[in-house]
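Please read it with the structure open.

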Amino acid sequence: MRILYSLLCVLALATATPAFADTPAPNQVVQSLVDDLGKTMDKRRAELAKDREGLIKVIDQIVLPHFDIDYASILVLGQNARTATPEQRARFAKAMYNSITHRYAEGLLKYTEGRVRVLPQQGELNDKRTLVRTQVVLDDGKLVPVDYAFRKTSQGDWKAYDVIIEGISYVTNYRNQVAEEIQKSSLDALTTRLESQGAKALESMDSEGIKK
């Protein structure tokens, strides 16, 4: 399950679209991206398995331009976003993104083509928000439902901001844990911990969440 979650978190970051003259539907974008991701890993898996920083760079190149970090971080902060300054929000967003990519980077090494089945769009495409429904194929053949939440930005491009795995939103999951961390200390203290501890800070937060 750790490998599965690693894969899904990486894909959660990777599912969004750049702006084109004729913007493709979000589910078409997801299909294109998971295909490209599979081809990239097939070519460079052995190389990247020995180069963690190179693996992070690949994620940054593929993911970072297409993920709405600022919006996702505001959702994760919840009510705490209202009292945070723009600088605090920006710093937290960067720290959260870096922590997630470093924690789940190795999951990308397990990714192969065909692992993700993109399902057809249901109904008419909403002009502001939509879900892309997929199924992830496990080693034993089991299918895990995964939904990717998209929003259309003011620039007119679709960007991903959340992933829902078997009905569980990663934004909601982290929002609850972040709220508790901020209540115990402060937003600046949490951000500093994410910056200094990175993936270890997320592991600590996740383990605390599992205990509850």
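Two strands count as paired if DSSP finds at least two bridges between them. On that basis, five strands form an open sheet in the order 1-2-3-4-5, with antiparallel pairing. The model is predicted, and the values below are computed from it.

**Chain overview**
- The protein chain contains nine helices and five strands.
- Along the sequence, these elements follow the pattern α-α-α-α-α-α-β-β-β-β-β-α-α-α.
- Of the 212 residues in the protein chain, 47% are buried.
- The accessible surface of the protein chain is about 11,100 Å², and carbon and sulfur atoms supply 50% of that surface.
- Among contacts in the protein chain with a separation of 6 or more, 62% are between residues 24 or more positions apart.

- Strand 1 runs antiparallel to strand 2 (residues 129–137), and three bridges join the two.
- R117 has Q135 in strand 2 as its bridge partner.

**Helix 4 against helix 7**
- Helix 4 (residues 69–77) packs with helix 7 (residues 170–184) at an angle of about 55 degrees, and their axes are 7 Å apart.
- On the helix 4 side, the contact is made by A72, L75, V76 and L77.
- On the helix 7 side, the contact is made by Y170, V171, Y174, R175, V178 and I182.
- By class, the contact of helix 4 with helix 7 has nine nonpolar residues, no polar residues and one charged residue.

**Residue N176**
- N176 is located in helix 7.
- The relative accessibility of N176 is 46%, so this residue counts as partly exposed; that class lies between buried (under 20%) and exposed (over 50%).
- N176 and G78 are separated by 98 residues in sequence, while their C-alpha atoms are 8.8 Å apart in space.

Methods
Residues are numbered from 1 along each chain as its sequence is written. This is a predicted model: local features need pLDDT of at least 70, side-chain atom pairs count only at pLDDT 80 or more; totals for chains, interfaces and linings use all residues. Side-chain values use heavy atoms; hydrogens and water are left out. Axes are lines fitted to C-alpha atoms, for helices over the stretch in contact, and angles run from 0 to 180 degrees between N-to-C directions. Helices (H or I, at least four residues) and strands (E, at least two) are DSSP runs, numbered from the N terminus. Contact means heavy atoms within 4.5 Å. Ala, Val, Leu, Ile, Met, Phe, Trp, Tyr, Cys and Pro count as nonpolar, Asp, Glu, Lys and Arg as charged, and the others, Gly among them, as polar. Buried means under 20% relative accessible area, exposed over 50%, partly exposed in between (1.4 Å probe, protein chains only). Accessible areas come from the Shrake-Rupley method with a 1.4 Å probe; for residues, only the protein chains shown count as cover.
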